[in-house]
Amino acid sequence: MTGVNPVVAGLLCRCPNCGEGPLFEGFLKVSPRCEACGYDLQAADSGDGPAVFIILVVGFIACFGILITEVSLQPPIWVLLVTWLPIGAILTLALLRPFKGVMLAMQFHNKASQHRSDDL
């Protein structure tokens, strides 16, 4: 067990084993191996977990933002759409990579993996 905090490593999108090498090759594609320690990252599969958390977090922020804007300013609908749709999209894209990093780091930290039928 290493001294790497999985939440910090995930938020920084770093290897869950050493905390040094990058976790991703592209925006969301997981690297096959850590460049720093050689840790095998191919078993990583976060599934839909990050998307579910993003939907909940961004949905909460956007819904209450729209509600507060509507009640306090009573703008036309187009103002709400022009303001809150981009905010929701930007928040989604900004949070998706760190949330996926945390999910993957927690998966490795807890030694969780997807069960495959060819392993039997």
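The questions and answers below go through a predicted model, from its core to its surface.

Residue numbers start from 1 along each chain as its sequence is written, and side-chain values use heavy atoms, with hydrogens and water left out. In this predicted model, local features need pLDDT of at least 70 and side-chain atom pairs count only at pLDDT 80 or more, while totals for chains, interfaces and linings use all residues.

Q: How many residues does the largest nonpolar core have?
A: A nonpolar core is a set of buried Ala, Val, Leu, Ile, Met, Phe, Trp, Tyr and Cys residues joined through side-chain atoms within 4.5 Å. Buried means under 20% relative accessible area, exposed over 50%, and partly exposed in between (1.4 Å probe, protein chains only). In the largest core the members include C13, C15, C34, L104 and F108, and the number of residues is 10.

Q: Which residues does F108 touch, not counting residues up to four places away in sequence?
A: Contact means heavy atoms within 4.5 Å. F108 belongs to the largest nonpolar core. With residues up to four places away in sequence not counted, F108 touches P16, Y39, D40, L41 and A44.

Q: How many disulfides does the structure hold?
A: A disulfide is a pair of cysteine sulfur atoms within 2.5 Å. The number of disulfides in the structure is 0. C15 is in no disulfide, and its nearest cysteine sulfur, that of C34, is 3.6 Å away. C18 is likewise in no disulfide, with the sulfur of C34 as the nearest one at 3.6 Å, so the count stays at 0.

Q: Is C15 buried or exposed?
A: The relative accessibility of C15 is 0%. Because the limit for a buried residue is under 20%, C15 counts as buried.

Q: Where is S46 found?
A: S46 touches K100, M103, L104 and Q107, not counting residues up to four places away in sequence. At 15% relative accessibility, S46 counts as buried. Helices (H or I, at least four residues) and strands (E, at least two) are DSSP runs, numbered from the N terminus. By that numbering, S46 lies in the loop between α1 (6-11) and α2.

Q: What is the phi of C13?
A: C13 sits in the loop between α1 and α2. C13 is buried, with a relative accessible area of 8%. Although C13 is not a glycine, its phi is positive, at about 55°.

Q: What is the phi of Q74?
A: Q74 lies in the loop between α2 and α3 (77-109). Q74 is exposed, with a relative accessible area of 61%. Q74 is not a glycine, yet its phi is positive, at about 50°.

Q: What distance separates the C-alpha atoms of G88 and I61?
A: G88 is in helix α3 and is buried, with a relative accessible area of 13%. G88 and I61 are 27 residues apart along the chain, and their C-alpha atoms are separated by 8.3 Å.
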